[in-house]
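Keep the structure open as you read. The tour below goes from one local feature to the next.

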Amino acid sequence: MRLSRYFLPVLKENPADAQIASHRFMLRAGMIKQQQAGIYSWLPLGFRVLRKLENIVHEEQVRAGHIPMLMPTLQPADLWRESGRYDDYGEEMLRIKDRHGREMLYGPTNEEMITDIFRAHVNSYKDLPLTLYHIQWKFRDEIRPRFGVMRGREFFMKDGYNFDIDYEHAIHAYNRHMVSYLRTYERMGLQAIPMRADSGPIGGDDTHEFLVLAETGESEVFYDSAITDLKLGDRVIDYDDWDEVAGICREWTTPYARTDETHDEAVFAAEVPEERRRSARGIEVGQIFYFGTKYSEPMGAMVTTESGERVPVHMGSHGIGVSRLVGAIIEANHDENGIIWPEGVTPFHAGIVNLRQGDAATDAACEALYAGLKARGLEALYDDREERAGAKFATMDLIGLPWRITVGPRGLAKGVVELTSRRSGESEEMSAEAAIERLAEIYAPHRGTPVF
Ligand code: 5CA
């Protein structure tokens with residue numbers, strides 16, 4: 001993409017109402033525009049990041065055997081009356097009437113709708129196990145939307161629902177979600193810690209939240225520092241292997257890690273040596289729930305078992321805050337000059353800065369570099385504007401592409417360009433070909449296999 005033809009409305013001033021770094025940088029880098037409290041347009045740069053996250057979520061869900069689909073944002077009130085949640089949900093639910101006076105709502109989550117789909121089409125244990133998910137906009141009329149996309153009213157969420165014949169199968173589904181989530185966050189360059197949590201309005205017995213440690217997080221968390229050493233890396237996981245999946249969950253849930261809702265100081269002190277006890281703040285980027293027959297029973301989602309009995313299915317629901325993650329990643333990856341994208345989620349793989357726009361040789365070298373990167377499947381943002389070098393560098397630092405290639409007449413005379421890491425600030429001179437090669441190597445582990 002050539003910056004001269006892109007839409008990147010960068011702001012010079014710090015927006016007055018943005019209290020935390022991610023909100024400030026998302027506004028300044030032209031990623032989002034607020035349209036109403038807690039409701040945002042995703043401008044081109046922000047939209048690219050959102051799509052990258054969405055792709056990672058899809059890839060990891062499909063890898064775990066979960067099936068993508070799409071449900072509407074608007075739901076009929078009657079469905080929610082069946083589960084009893086229409087009245088329970090309270091003011092957070094946005095209620096709407098159509099021209100015929102029919103009551104609808106903008107979905108805050110989809111347990112009822114997916115249960116309705118299930119009961120219409122599934123009848124037998126032979127069709128289980130089944131896990132369906134979608135990534136769709138949600139609306140919750142939060143009393144205090146704040147911190148930009150972190151606590152929005154309209155937000156983008158992955159929500160998945162498992163249907164299983166009994167408790168044991170449903171717990172395997174729960175574990176599968178935990179492992180696929182760990183892998184998802186890791187690919188986004190984040191460490192998210194599963195913590196025992198409270199189930200709130202979704203209900204249920206077993207639930208874990210996933211928290212990214214950040215000073216600006218809304219939750220207070222308590223954990224054993226040993227948990228921060230855990231990594232999945234490129235471990236190959238067989239999601240059909242119950243013991244393997246349960247084993248990974250045990251590894252991640254054995255060290256003490258709880259939010260303030262479930263924290264128990266006495267257990268913390270007894271289980272964790274003092275030097276490993278940590279209290280910090282965290283951003284909740286996902287939550288998984290097992291709730292058994294809470295929805296299937298009142299809504300009549302029944303299957304016939306092998307012995308011919310009719311039983312309600314065991315269910316759970318599993319959510320990832322995709323739009324919130326954009327903010328969480330920035331909270332965990334920035335400095336005073338701007339964002340520092342992890343390679344797995346960056347909106348462009350590299351920036352090209354032309355130090356002498358209009359100079360035929362420099363322009364030609366930039367064009368060749370741009371084409372060379374593209375030929376290797378790398379997306380560059382080429383700053384081809386007639387601007388001072390300082391302004392170009394400031395923009396690149398603000399928008400946070402992990403790698404910058406600087407091209408100028410002085411370097412070209414020696415046959416080199418400069419490759420700079422946004423994270424370390426270190427630069428290295430090399431030929432343009434070598435820079436392309438280096439970037440191809442760096443990004444090789446971050447190549448996904450698009451699901452669609
Ligand atoms: N039905 C269940 C699981 S699909 C559910 O709705 N879970 S949830 O309430 O925990 O939401 C899932 C995730 O969405 C949260 O972990 C959080 O990351 C994100 N989320 C929730 N509310 C908001 C909000 N107001 N703004 C941005 N993200 C949010």
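**A walk through the model**

Phe 147 is buried, with a relative accessible area of 12%. This is a predicted model. Phe 147 sits in the loop between E7 and E8. Its backbone deserves a look: phi of Phe 147 is near 60 degrees, a positive value in a residue other than glycine. Most residues other than glycine have a negative phi, and most peptide bonds are trans.

The next backbone feature concerns a peptide bond. Leu 128 and Pro 129 are joined by a cis peptide bond, with omega about 0 degrees. Pro 129 belongs to the loop between H5 and strand E7 (130-139).

Now turn to the aromatic rings. The structure holds 13 aromatic pairs. One of them is formed by Phe 118 and Phe 163: the ring centres are 4.2 Å apart and the planes meet at 10 degrees, so the pair is stacked. Which parts of the chain does this pair tie together? Phe 118 lies in helix H5 (residues 111-121) and Phe 163 in strand E8 (residues 154-164), so the contact ties together parts that are 45 residues apart in sequence.

Tyr 167 and Tyr 290 form an aromatic pair that is edge-to-face, with 5.4 Å from centre to centre and 80 degrees between the planes. Tyr 167 lies in helix H6 (residues 167-187) and Tyr 290 in strand E13 (residues 277-292), so this pair ties together parts 123 residues apart in sequence. The two partners differ in cover. Tyr 167 is partly exposed, with a relative accessible area of 40%, whereas Tyr 290 counts as buried at 5%. Tyr 181, Tyr 185 and Phe 210 make up one aromatic cluster.

Next come the charged side chains. Side chains of opposite charge can pair when their charged atoms come close. How many salt bridges does the model hold? The count comes to 27 salt bridges. Start with Arg 81. Asp 78 forms a salt bridge with Arg 81, and the closest N and O atoms are 2.9 Å apart. Both residues lie in helix H3 (residues 77-83), three residues apart, about one turn of the helix. Asp 78 is exposed, with a relative accessible area of 53%. Arg 81 counts as partly exposed at 38% relative accessibility.

Arg 81 has another partner. The side chains of Glu 103 and Arg 81 meet in a salt bridge at 2.7 Å, N to O. This pair links distant parts of the chain: Glu 103 is in strand E6 (residues 103-106) and Arg 81 in helix H3, 22 residues apart. Glu 103 is partly exposed, with a relative accessible area of 33%.

Asp 98 forms a salt bridge with Arg 102, where the closest N and O atoms are 3.3 Å apart. Asp 98 is partly exposed, at a relative accessible area of 23%. Elsewhere, salt bridges that share partners join Glu 59, Glu 60, Arg 63 and Arg 187 into one network.

Other charges gather on the surface. Which residues form the patch of negative charge there? Asp 198, Glu 220, Asp 260 and Glu 261 do. Follow Asp 198 to find the place. Asp 198 is in the loop between strand E9 (192-196) and strand E10 (206-213). Asp 198 is partly exposed, with a relative accessible area of 43%.

Now go inside. Why is helix H10 described as largely enclosed by the rest of the structure? In helix H10 (residues 322-332), 10 of the 11 residues are buried, so the helix is largely enclosed. The buried residues of H10 include Val 322, Leu 325 and Ile 329. Arg 324 and Glu 331 are also among them.

End at Met 396, in helix H12 (residues 389-399). Met 396 counts as buried, at 4% relative accessibility. Met 396 and Asn 337 are 59 residues apart in sequence and 9.5 Å apart in space, C-alpha to C-alpha.

Methods. Residues numbered from 1 in each chain as written. Predicted model: local features only at pLDDT ≥ 70, side-chain atom pairs only at ≥ 80, totals over all residues. Heavy atoms only, no water. Patch = residues over 30% accessible without salt bridge, like charges linked within 9 Å, V, L, I, M, F, W, Y side chains within 5 Å. Areas by Shrake-Rupley, 256 points an atom, 1.4 Å probe, with all protein chains shown as cover. Salt bridge = Lys/Arg side-chain N within 4 Å of Asp/Glu carboxyl O. Lys, Arg positive; Asp, Glu negative; His and termini not counted. Charge placed at Lys NZ, Arg CZ, Asp CG, Glu CD. Helix = DSSP H or I, 4+ residues; strand = E, 2+ residues; numbered from the N terminus. Buried < 20%, exposed > 50% of the residue type's maximum accessible area, 1.4 Å probe, protein only. Phe/Tyr/Trp six-rings, centres within 6.5 Å; stacked < 30°, edge-to-face > 60°.
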